[in-house]
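Please examine the sequence and the structure before working through them.

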Amino acid sequence: MSTNPLQEIWSAICDECRKSISEVAFNCFLKDLKPVFFNESEFTVSINDEYKKGIVEQTYTELFKKCIKTVMGIDMDFRVIMRDEEKEILDAEQFSKGLSFEDFFTFDNFVVGSTNRFPHAASLAVAESEIPQPTYNPLVIYGPSGVGKTHLLLAIKNHMKNKFPNKKIEFIRGEDFTNQLIAALQQGKLGLGTIDDFRNKFRNVDVLLIDDIHFIAGKEQTQEEFFNTFNTLHQKNKQIVVTLDRPPREIKTLDDRIRSRFEGSLFADIALPDFETRVGIINKKAEQFNISIEENLVYYIAEHIKSNTRQIEGVIKKLQAFVAIQGRTPSISVVQTIVRDIITDDTPEPIKIENIISEVAKTYNVSVSEILSNRRTASLALARQVAMYIAREMTDLSYKKIGESFGKDYTTVLHNVNKIENFLKDKPYQKELVEDIIKNLRAVNNNNY
């Protein structure tokens, strides 16, 4: 295996790309791309053919951005340069460190304010403790997307890696926990591994950090595995930290046993950053991107970008590009235009029907192919009908278009949607399950840190 983290990440990105295009197209236009550098916001590659550079930029940029997000877990810009430009933009010192994306999240660059002071202090206390302290174990951090929950989890991980290098630390997102369990079960059926491999991975650690644990709600087998993993680690006095998008009591389809375990945890909630904190975040991001922003412009950005740090970073990136291209300090009119564009651009993409089917499949413990099949067992019929109902609720697709995705006609979809609407009226648990599926889909679609 390569010892260069950048090359390893790039190989994984290329593997993802190959799933969406032919091998001929990959070999013709993408094989010659070379990874150059990445930071918190951009992945840069080089190529030595001007014609191919144009093809990649025009045809494959969105594909690469999607694959980068799959591999690295965050939206990043994708930039292509000519090979002879590498020396001009490459920071050799940073490259030589072989930093991964997750390494950028530290306590030092987390901006502390009134809305996040307690979770920051609790997370730092966890990271400083060689032996878990009962007061901070387990630690449950909750709040809306884009307020820094993932940043704190990764800061714990990075701090402990440096302070306690012998500790075994596992960081994973709730959705990936589910996906890895499904993969382990499928591999077991094929004789490629066992569920014990999955369990050993998570039950033999010193620190378990799970981001967005709410994604396991309603998924019975995943919740069972998490519950047993939680118990095993807790009995061994191992540190557990999880994040959620809302308090556990509000996640109706979360297993009662898990909810009861969380009730004995330390809860730390993060609210949206206040004005002063947003000012601090803007100044910190400007420092990271090495640009100078006048105070009145900082205040303007803080007054108009209130939702999350992802939007703030988007503004700073565009200002950095403006300074680099124009060679002058941005004016208030430039900042106003960029802020307006960022707010417009940050509207989530329409939810795709394949994502709906995938999330429903995980929740009802069936496969996507089974939902799309003609099999009519009770469990499959319910999952199929729920997927159609959610597709109608969350997309602008007509009954006919939804039917085409399932291989069904208009009347079948209409019948199934009406059936589920009536079914949910007197089935409170199933109604809560569907509502949690919808919340999870929206959270993934927004994909904010």
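This is a predicted model: local features need pLDDT of at least 70, side-chain atom pairs count only at pLDDT 80 or more; totals for chains, interfaces and linings use all residues.

**Exercise 1.** Determine how helix α6 and helix α7 are oriented to each other, and describe their contact by residue class.

Solution. Step 1: take the geometry of the pair, α6 spanning residues 117-128 and α7 residues 149-163; their axes lie 8 Å apart at an angle of about 25°. Step 2: apply the cut-off, by which angles under 35 degrees count as roughly parallel; α6 and α7 are therefore roughly parallel to each other. Step 3: assign the handedness, which is right-handed for the crossing of α6 past α7. Step 4: list the contact, to which α6 brings Pro 119, His 120, Ser 123, Leu 124, Val 126, Ala 127 and Glu 128, while α7 brings Leu 152, Ile 156, His 159, Met 160 and Lys 163. Step 5: sort by class, which gives 7 nonpolar, 3 polar and 2 charged residues in the contact of α6 with α7.

**Exercise 2.** Carry out the analysis for α16 and α18.

Solution. Step 1: the axes of α16 and α18 are 9 Å apart, at an angle of about 140°. Step 2: roughly antiparallel requires an angle over 145 degrees; α16 and α18 are therefore oblique to each other. Step 3: α16 makes a right-handed crossing with α18. Step 4: Ile 353, Ile 356, Ile 357 and Val 360 of α16 make the contact with Ala 383, Val 386, Ala 387, Ile 390, Ala 391 and Met 394 of α18. Step 5: the class count for α16 with α18 is 10 nonpolar, no polar and no charged residues.

**Exercise 3.** Which residues of α18 and α19 meet, and how are they divided by class?

Solution. Step 1: the axes of α18 (residues 378-394) and α19 (residues 399-406) come within 10 Å and cross at roughly 140°, which makes α18 oblique to α19. Step 2: Arg 384, Ala 387, Met 388, Ala 391 and Arg 392 of α18 meet Tyr 399, Ile 402 and Phe 406 of α19. Step 3: this contact of α18 with α19 holds 6 nonpolar, no polar and 2 charged residues.

**Exercise 4.** Which helix gives the most to the lining of the second largest pocket?

Solution. Step 1: the second largest pocket holds about 430 Å³ of space, and among its 19 lining residues Ile 182, Gln 186, Asn 365, Val 366 and Ser 367 are the closest to its centre. Step 2: at least two lining residues each come from α8, α10, α16 and α17. Step 3: α8 gives the most, with 6 residues. Step 4: by class, the lining has 6 nonpolar, 8 polar and 5 charged residues.

Definitions and conventions: Residues are numbered from 1 along each chain as its sequence is written. Side-chain values use heavy atoms; hydrogens and water are left out. Axes are lines fitted to C-alpha atoms, for helices over the stretch in contact, and angles run from 0 to 180 degrees between N-to-C directions. Helices (H or I, at least four residues) and strands (E, at least two) are DSSP runs, numbered from the N terminus. Angles under 35 degrees count as roughly parallel, over 145 as roughly antiparallel, 65 to 115 as roughly perpendicular and the rest as oblique. A crossing is left-handed if the near helix is turned anticlockwise from the far one by less than a right angle, and right-handed if clockwise. Contact means heavy atoms within 4.5 Å. Ala, Val, Leu, Ile, Met, Phe, Trp, Tyr, Cys and Pro count as nonpolar, Asp, Glu, Lys and Arg as charged, and the others, Gly among them, as polar. On a 1 Å grid over the protein atoms alone, a cavity is a set of points where a 1.4 Å probe fits but cannot get out, and a pocket is an open set with protein on both sides within 12 Å along at least five of seven lines; lining residues have an atom within 4 Å of a point. Grid points are joined across faces, edges and corners, and a volume is the space filled by probe spheres set on the points.
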